[in-house]
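This report describes a ligand site and a sheet. Please consult the sequence and the structure shown below.

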Amino acid sequence: MCGIVGYLGDRNVYEVLINGLKRLEYRGYDSAGLALVAPGGEIKIYKSKGKVSNLEAYCSGKDLTSRVGIAHTRWATHGEPSDCNAHPHYSEDGNLALVHNGTIENYQLLKEALQQHGCKFHTETDTEVLVQLVEHIRVTNNCTTLEALQAALKQVIGAFAVAVVEKNNPDMVLAARRSSPLVIGIGDGEYFLGSDGTPFVEYTSKVVYVKDDEIAVMERNKPLKLVNLDNVEKKIDVKKLQLSIAQLEKGGYPHFMLKEIFEQPITMRDCIRGRVVEGGSRVILNGVMDNKDKFLNCNRIIIVACGTSWHAALLGKQLIQDMCRIPVEVEYASEFRYSHPVITDRDVVIAVSQSGETADTLAAIQIARSKGAFVYGVSNVVGASIPRETDSGTYIHVGPEIGVASTKAFTGQVLVFTMIALSVAQYKGTLTTEQVKAVGEYLMRIPQLVKETLKLNDKIRNLSLIYTYARNFLYLGRGYSYPVALEGALKLKEISYIHAEGYPAAEMKHGPIALIDSEMPTVIVAPKDHLYEKIVSNVQQVKSRGGSIIAIVTKGDTTIRELADHVLEVPSVPECLTPLITSIPLQLLSYYIAINKGKDVDMPRNLAKSVTVE
Ligand code: F6R
C-alpha cells in the first residue's frame, strides 16, 4: 500500500528511483512521483496520475541531474488519485519534500492547528500536513530537520513510513516508520531505501529493517545512524536480503499472475522441502517443535488473517481440528482487533499473512500478545513485520508474489497449515505414524499432481470464453471445498470485476438459490470426499433451475459429468489435500476471464498488494 524508494549516492538517481518504483508498483499504482535534489540543493518534484510509466513519460527530456532523491507510488487514502495529490509533497517554503506510506489519523486536527499559524494547503492529503508540520516545527524552533521530524512524529497518530529530503541539507535522507515497512540498503558509499528490498536487489544485499519509531539518518560519506524519537541511538542490525532479480521478473509469462500460478509445483516443493521427511512419515516444523508445549497445552487456537489468507485460515481450522482435535476459531483480523476479544495465556494465536505487513493482522497480533497468548506467524516475506512481531512461526517460502491477486501464497499457506496440523498431531498422538504417512506421502507428491492439474490450462482458456460476459457467478463447495469456493470467487471479482459469491453448497437453498437462472453460472468444487453424495444433490438443485454448471471433479467422476455443463477433472488425493489441487483450475479460470475482458490482472483497479492501512 504505497511504495517508497530513496537513493543517495553517485549513480543516476532518477534511474534508480524509476526502476525501483516499477518494482514497487504492486503496492499501489494510482499515481507516482519523485523528488530530485539537484547538486546545488534545489528540489525538483515530478508527479503524474496513473502508473509509473506515465511518470516516466512525463520526466522524459527533463533535466534530472541529482545526487539524492525520493520517490513514491501511491494507493490513495486521502484525496482522489491526481497529479496534485500524488507524492512527494513539499513544505510551502520549498525546503522539504516528503513521501509517505500509511495514514495519519489525526491529520485534520494537525491541519487546523497549522492553518491557525498561517499554513496554506494545496492538496487533500494527510501527507502534506506532515511535511508542513515538520517544517513549521523546524522554523519556529530553529532546530534541525531531524529534531523537527522527531517532534512531529510524536504528535502523529497512525501508521507511516516516510522519507524526507531537504534543500538546506542536500546530502541527507531521513526515513522513519511506525507500522509500515521500511528497509535501508547499504552499498559502497551509497544508501538505498525501499518499502521492501525489491527496488535495490541488484545493488546490495546488505539491509537494515527500520523498526517502529526509529529514524534512519543517511548522509553522504557518513555511516548510517538510527535514532528513536527521543534521539537515543539504536543498534544497527545488518541482515542479508534474501531475494534474487530472477524472482522479480516474468520469466517469459505475459503476467506475474500466470507465472505464479505455473510456479506452484516448484513453490510447493520449496515449501515442504526438509519439512516432510522419512518418506512422509514425519513432519518437522522447527517453530512447532520448539514450542510444542504451547500447542499441546493450549485451550484453543485462534487464527487471524485477511482476504485470501483468511481463506487459508479456514482450511487451517479444518486441518487442525480434524488432525489434532484442538478447537480452532478463525477471525478476520480487522474484526478481531475491535471485538474486545477474550484471550488468555492458554490460547495460541496464529497470524497468517503473505506480505507480513497487513495492518489489521499486525494489530491483532499486538492485542493477542498483550493478553499473554503465544503468537505464531505464517508468512512469506522474510524479515517483514509479522514474523518479527510473533513469538515463532513458519515461512511459506514461495518466493516474492508480485501479482496482486494471491495464488502461490495461498497454496503455500495451506501447505503450512497441513504441516502444522500433521506435526502437532504426531506430538499429540491424535494421528498414528501410519496416518501421518498416509497424508505425508501424498504431500510429497502434491507438486507433481499440481503440475498435472496445470495441464487443464488450454481447456480452461477455451472455457473462459463462454463465460467472459457473465455478470454474476456463484461458487459452491462443502467441507474442505467451501474455503476453496470462497477463494475462487474472490479471485474472479478481484481481477475481472465480475460479481461472484462463494457459498457453502448446502446453504444455497436458504437464499442464494433464488439467484439461479440461465444467466448465472455456478462453479461447484466437488472432489470425491465424504460429502460427495451431498454435493451431487446440490448440483442437481442448480441444474433443475436452469443454471449452468462448471464442476471441479476428481478424475473419472461420471455422476457429475452427466449433470454439469463442463467438468474439470483433477487428480485424486486424500480429502484434506484437495484444496491444494482444486484451487488451481479456479485460479486459471479467473485469470483467463479477466484477460478476455482486457483487464490488468497484475494490477487490478483499487487494489494493492500489501495493505498497510486500516
Ligand atoms: C487476494 C489478496 C488479499 C490478501 C489480503 C491479506 O488475492 O491478495 O485478499 O490476501 O490483503 O494480505 P496478506 O496475506 O499480505 O496479509
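What order do the strands of the open sheet have? The order is S23-S22-S24-S25-S26, an open sheet of 5 strands with parallel pairing. Strands S23 (499–504) and S26 (566–570) stand at the edges, each with a single partner strand, so one side of each has no neighbour in the sheet. From one strand to the next, the twist averages 15 degrees. Within the sheet, S22 (residues 472–477) pairs with S24 (residues 522–526) in the parallel sense over 4 bridges, and Gly-477 stands opposite Val-525 in S24. Strands are DSSP runs of E with at least two residues, helices are runs of H or I with at least four, and both are numbered from the N terminus; two strands pair if DSSP finds at least two bridges between them.

The model is predicted: local features need pLDDT of at least 70, side-chain atom pairs count only at pLDDT 80 or more, and totals for chains, interfaces and linings use all residues. Residues are numbered from 1 along each chain as its sequence is written, and side-chain values use heavy atoms, with hydrogens and water left out.

The ligand is surrounded by 15 residues (a heavy atom within 4 Å). Helix H10 (307–324) and helix H17 (481–496) each supply at least two residues of this shell.

| Residue | Polar atom | Distance to a ligand oxygen atom |
|---|---|---|
| Ser-353 | side-chain | 2.6 Å |
| Gln-354 | backbone | 2.7 Å |
| Thr-358 | side-chain | 2.4 Å |

The protein covers 89% of the 400 Å² of accessible area (Shrake-Rupley method, 1.4 Å probe) that the ligand has on its own.

Technical notes:
Polar contact = N/O pair within 3.5 Å; in protein donor to acceptor, adjacent residues only side chain to side chain. Axes fitted to C-alpha atoms, helices over the stretch in contact; angles between N-to-C directions.
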